[in-house]
Amino acid sequence: MSESLGFEKKYSFKLTDSHQPKNHFMKKIFTIIFLLTSSLGYAQTIKMGKFSDEEINLKQVSYEPDAGAVVLWEEGESQFFSGLLETTYLFRVKILTDAGKEHADVRVRYYLGDNKTENISSVKAQITNFNGNEAETVKLGKENIFDVDLGDGIREMRITFPNVQVGSILEYTYKKADKNLTFLDGWTFQNPIPTLGSQYQIKMNPNLDYKMITQGYNLINNAEISNEYGIYKWTLRNLFSLKEEPYMKNYRDYIERIEFQLSQYQTNTETMGLQWKDVLNTWEMLGNELISTYRDKGFYRNNPIEKELMDADISGSTQMEIAEKAYYYVRDNFKAEGTDFIYANQQINQLLKTRIGSPQELNLLLMGILKSQGISCDPILIGSKGNGRSNIVPFPFLTQFDEILLRTELDGKIQYLDLSDKDAPFGYVDLDKHVQAGLYLVQGSSAIVPLEFKHLSNKVYYSDVSLEGSDLVMSNTLRHYYYEGLDWNKAVNGLEKQKEPLDKLFAENTEGMIIREVEVDNVLKEKNYVSTNFKIVMESAADQDMIVFNPIKYSSFSKNPFTQEYRIFPVDFEYPFTETSNVNIKIPEGYELDDYPEESVMTIEGNSVVFSYSAKTMNGVLVIGSKLSVKNPLIPATQYADLKYLMESIASKLKEPVVLKKITNP
Amino acid sequence: MIKTLIGVLFFCFLIYNSTYAGRKDSVEIYSELSENQSISISDKFEVTYFIEKNFIIYSVEGLDHAYTSLFYDRLNEIENFELEVKDPKTGKTIQKAKLRDMSDAAVYSNSTIFDDNRRKYYELKSGVFPIEVNIKTKTKTKTNFFFPTWIPVHRFNQKIKNSVLTVTYPKGMGLRYKEVNLLGKREEKEESGLVSVRWEENDLPIQEPDLEEEEDHRLLLAPVKFGMENYAGEMKDWSGLADWLYKLNEGRDKLPEDLQLKIHQLTDGLESPYEKVEVLYSYLQENFRYVSIQLGIGGWQTISSDEVAKYAYGDCKGLSNIMRAMLTEAGIESNYTLVYAGEEEDDIEVDFPSNQFNHVILQVPTDEAPIWLECTSNMLPAGYLGSFTKNRHVLVTKRGGGYLTKTPSYDHANWNSATSSTSIKIDPRGDALIETDLNLAGNFAEDLMYVKNRLDDRKQKDYFNKNSPVSGLIISDLSIDLEKEDSVPIAKTNYKGVIQRFTQSTSKRIILKSFMGPIQKDMLSSNRLVKTDSFDIDLGESLSPETSLDPFIYEEEGNSIRIESTLEGSNLKIKREIDLTFSADLEEDQKSDLIKKFNSKAVKTYIFLKPTTANN
């Protein structure tokens, strides 16, 4: 199953059509594009209400027999009209089970805005039910089709199909007009239910050159592609439903999808005649475009920042000291709110007044502060994990970027900065931004730069076990380093905020025991770790002849996180890490060590994940050590079965007991 | 002089220390609020809400306290909103906003396909603190059917200096109220036929997230006489409210002829009322689906049954109403019944007749216990309500009135039984083959209806992999059969697979991974558990048990746990029987403690000595 989806491949090529006249006039890019083009009419591949015998008789999808509904056919046809792109959508869905009836409620969201940026019209829908060989088709009236204003210019067209039965075929079509000609919506070929046929075609405009990006195994390898008279068409068949899996950050990388970005347009000037003009077709151009939006909002201006800093102390003897103070100044005096994205919405003056801004606005403010101190600092555009572009496409597609971070040089050393997490100390960058490369935004010379984020986000557990009176007491220290520390601290803060006891942090592995004296010391800022001291007490343990206990009381993997039978996508642990445990068990007077877990080393092919367990006695102390190392955080789906077995073996090993036995006097 | 200085220093030290201690121990305050709210009811049942709030906001966390969201729809309109932000030191105005500055949005619902619920909202932003914020709002409602509960403390970490509510209404209209934990005073006066009741609370304790809801200060309000559009009623008792609801939906139960014919085809040959109910309920489940479109009077009047029949969909009101009409056609009486639905929801205030409902079900009276129908479900058997509406007070509506009653708690053994039979064969590596037959009845079968009907194959298997008493299970074959015995849902499950690392090994011992499964709290949500599990384990070799295999019997106050274990050669047989009955009066933590105690008896670990050790 994993082979059928495979890994993403990307490429780009230029779509032009030399057969069409090029005598059009264009005024201003990004806002209004006037095009005078004659367009061919389109014929839909299928006709609503006309079904094949296969469609009528279909009871089950052969490759996904449990599917509740199936897209029998879907198609989109795009063509340019005066200043807009119109796409006609047509969907044909069959209901296969009672549970599949939920697909009879359809919602299509679009952005109308103040200027009808997108608009939906010509909505038609019908349902066909079959009684033996007799088909009964009912066209939906306006009482079944709704348009809801969700606010902020966003609207939702909704259709609810009446008389839905198992076996019903639902069909709907609508037109969407889109004024944004720089970035076209393109087409997503996959759905949450299996899709038997999905087709997209676009009739290109001879005055507009678009770059195209495709992704998905089937689109690259199995698509039926045609190109005639400027009409480009892609058809994919028998696509699996797309479902998310745990431990994956890159879900969108796998969707079968096609997108377009304007690269050139043709313009007519009095002096030069017809000319092609470039649009965002170099990294420099894309960089300049972004920088100009930040500049327009005042983030490259010195005055407001100097005024802001009048009462702030960000002095220091080194650039590192200054940058650190500046970072904490912004982090602690401004509130990050809203979605992390690439654009600044408010002017810098407004941000300085309200002191609430999006993470990117706070980053840009920090950039301005550092620049004002003579420190080199510029933004980097990145495609965060989950945005669908784990690897940068080698063409300046803007849509592959969705967040920014800062790159600065402090005392000759490169440092990345990010203000999207209010708890993060200086130098921490949101984990979703830990990608391999980004677009470094420098006026006139923006370029793709490799990124590297060094951190050792490990966990270390120490424990001293001894008998105190009749109680077995485990005195523990747990250290979470770097991003693990950041996460742990959030869990601690969450409990404290809700007035919940911190014992809950350890409840899972301590059933039947008592947790005492939990104390947390957050020294992330100074030492990059959060230390947690706590005691676990097995009350009246000495009352029994044997004390049986599990010595390792904390591990993130004491329960196997992988329960699914198989996987389609790779497992992503995000970064390499280790989890280490060291337990010293003082064998109490009057007791002998009867039994303990055996030594063991386990791994999977390629040693991406390695686990070792040791147990030794020295001077009346049993020393138990364990270490789990995830060396390569991305484990392919083909190794899932081995990984699952390894993690189960680790979970099982971590639960093995130590047995202390009372020495009986002869 | 020196003495005086020492005295002053000492005094300062005391002040410093006491201030510091006070800060450390006291609750953090994000905002301080004085509020004046007035509700005026006209003789046309129209209600005007006028609210004035004066905040001092001390920190960025307090900005949310001044967030304003005003609901509107066909019956509710927003007349005014004014906001002014001032610097409390200088009195200078920093920010102003009016109604036109508010954002507008639909109240988004994933379950409702269409309604007219919208809201206007204003989000306050400020970078300086403290700030003084004054907010005035005026809204109007065309009905006095429902009043929001007055809760003077709106937020955690908010200091209420003063909060006043005044309700003014025509004397003949009447007003009822229920005060809960109010600490202040109430005054009542009458002038020119208008009655005015005023509640005032001052300096209320600051609340934090650990507040128990029942400890909160609140005032429940309800009308005596009320009206909505052309429907007037009296709510002084439950019967009055039920009567109004009955009349609101009266005459909306006509069925198309073809459906009438179908009903007779399905039921004319049947004798018992239950059979007729069952057949018609199945027909509803197979042919109609739940779609929420809220366009009736205030969301309370049902869509007519002929419309539901036309589209084959409806919301809870529409589906219950058509089911009632279908039963009437078959000669069976049934009652449209209101309920506050939701899993683990608190019961309604039974001594305060008022609109406290959010859902509709159907009650079919019989000579014995009534048959209950959840008409929005296409999975539940007739007569079983499920966790969404079971065990709570509901309002049955009938012509001329109605009454409050309770839905079944399903706390008898036949509604709470689980039986499993498992065979396990251990291989030399310590992995094991497993086959389990699991039969769940009543409440325990409810989850499996969802698993079977809503999850794909892989997720169904994963449900068992995750919830299996033994970790490391990977199911290869799974079947779930949903059946019913009268109203009792039954789920018969069989699965086969492997258990990875079923045995753990130390130097001297082999330990079977815990496989019996503890008693979970949700197994006793109906206070009854009858569970029998048997295991047949092939150890693969003859092992000497360190664990005692003597029969274990635990009995206490009607609760019992029995475990029998026998070892013949390499074959270990275990049977565990659990029979528990909890009192409905137990508090949650008492329940947890009892379950913890029973689990220490019910879960046994099987340990064997390795052959070499055993021989020594």
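Biologist: Where do we start with chain B, and how many helices and strands does chain B have?

Modeller: The model is predicted, so keep that in mind throughout. Chain B has 10 helices and 36 strands. Chain A has 11 helices and 36 strands.

Biologist: What does the radius of gyration say about chain B?

Modeller: Set the value beside that of a compact globule. For 616 residues, such a globule would come out near 25 Å. Chain B has 32 Å. Then look at the extents. The C-alpha trace of chain B spans about 100 × 90 × 45 Å along its principal axes. For chain A the spans are about 105 × 75 × 45 Å.

Biologist: What percentage of chain B is buried?

Modeller: Burial here is a neighbour count: 20 or more other C-beta atoms within 10 Å. By that count, 37% of the 616 residues in chain B are buried. In chain A, 39% of the 666 residues count as buried.

Biologist: How do I read contacts by their separation in sequence?

Modeller: Take contacts between residues at least 6 apart, then ask what share joins residues at least 24 apart. In chain B that share is 67%. In chain A the figure is 72%.

Biologist: Now one helix. Which residues of H3 in chain B are buried?

Modeller: Helix H3(B) covers residues 257–267, and its buried residues are Leu259(B), Ile263(B) and Thr267(B).

Biologist: Why do they fall on the same side of H3(B)?

Modeller: Because their directions from the axis cover an arc of only 55 degrees. The face turned away from that buried side carries exposed residues: Glu257(B), Asp258(B), Leu261(B), His264(B) and Gln265(B).

Biologist: What do the buried residues of H3(B) pack against?

Modeller: Three helices of chain B: H4 (273–287), H5 (305–311) and H6 (316–329).

Biologist: How should I read a sheet?

Modeller: Start with the general idea. Strands of a sheet pair through backbone hydrogen bonds, either parallel or antiparallel. Next, read the order. Here 5 strands of chain B form an open sheet, E22-E21-E20-E23-E24, with antiparallel pairing. The edge strands are E22(B), residues 371–373, and E24(B), residues 401–406; each pairs on one side only. Neighbouring strands are turned by 30 degrees against each other on average, direction ignored.

Biologist: Over how many bridges do E20 and E21 of chain B pair?

Modeller: Strands E20(B) (335–339) and E21(B) (359–364) pair over 5 bridges, in the antiparallel sense. For one bridge, find Tyr336(B): its partner in E21(B) is Leu362(B).

Biologist: Which strands does H6(B) lie across?

Modeller: H6(B) lies across E20, E21 and E22 of chain B, at about 15 degrees to E21(B). Helix H2(B), residues 238–249, lies across E20, E23 and E24 of chain B. Its angle to E24(B) is about 115 degrees.

Biologist: Last, the interface. How many residues of chain B are in contact with chain A?

Modeller: 43 residues of chain B are in contact with 42 residues of chain A. Several elements of chain B each supply at least two residues to that side, among them strand E6 (103–106), helix H7 (443–454), helix H8 (457–467) and strand E27 (473–485). The largest share, 6 residues, comes from H8(B).

Biologist: How do the residues on that side of chain B divide into nonpolar, polar and charged?

Modeller: The side of chain B that touches chain A has 13 nonpolar, 14 polar and 16 charged residues.

Notes:
Residues numbered from 1 in each chain as written. Chains lettered and ligands numbered in written order. Predicted model: local features only at pLDDT ≥ 70, side-chain atom pairs only at ≥ 80, totals over all residues. Buried ≥ 20, exposed ≤ 12 C-beta atoms within 10 Å, placed from the backbone. Helix = DSSP H or I, 4+ residues; strand = E, 2+ residues; numbered from the N terminus. Arc of directions from axis to C-beta. Contact = placed C-beta atoms within 7 Å. Nonpolar A, V, L, I, M, F, W, Y, C, P; charged D, E, K, R; others polar. Rg over C-alpha atoms; globule rule 2.2 N^0.38 Å. Pairing = 2+ DSSP bridges. Axes fitted to C-alpha atoms, helices over the stretch in contact; angles between N-to-C directions.
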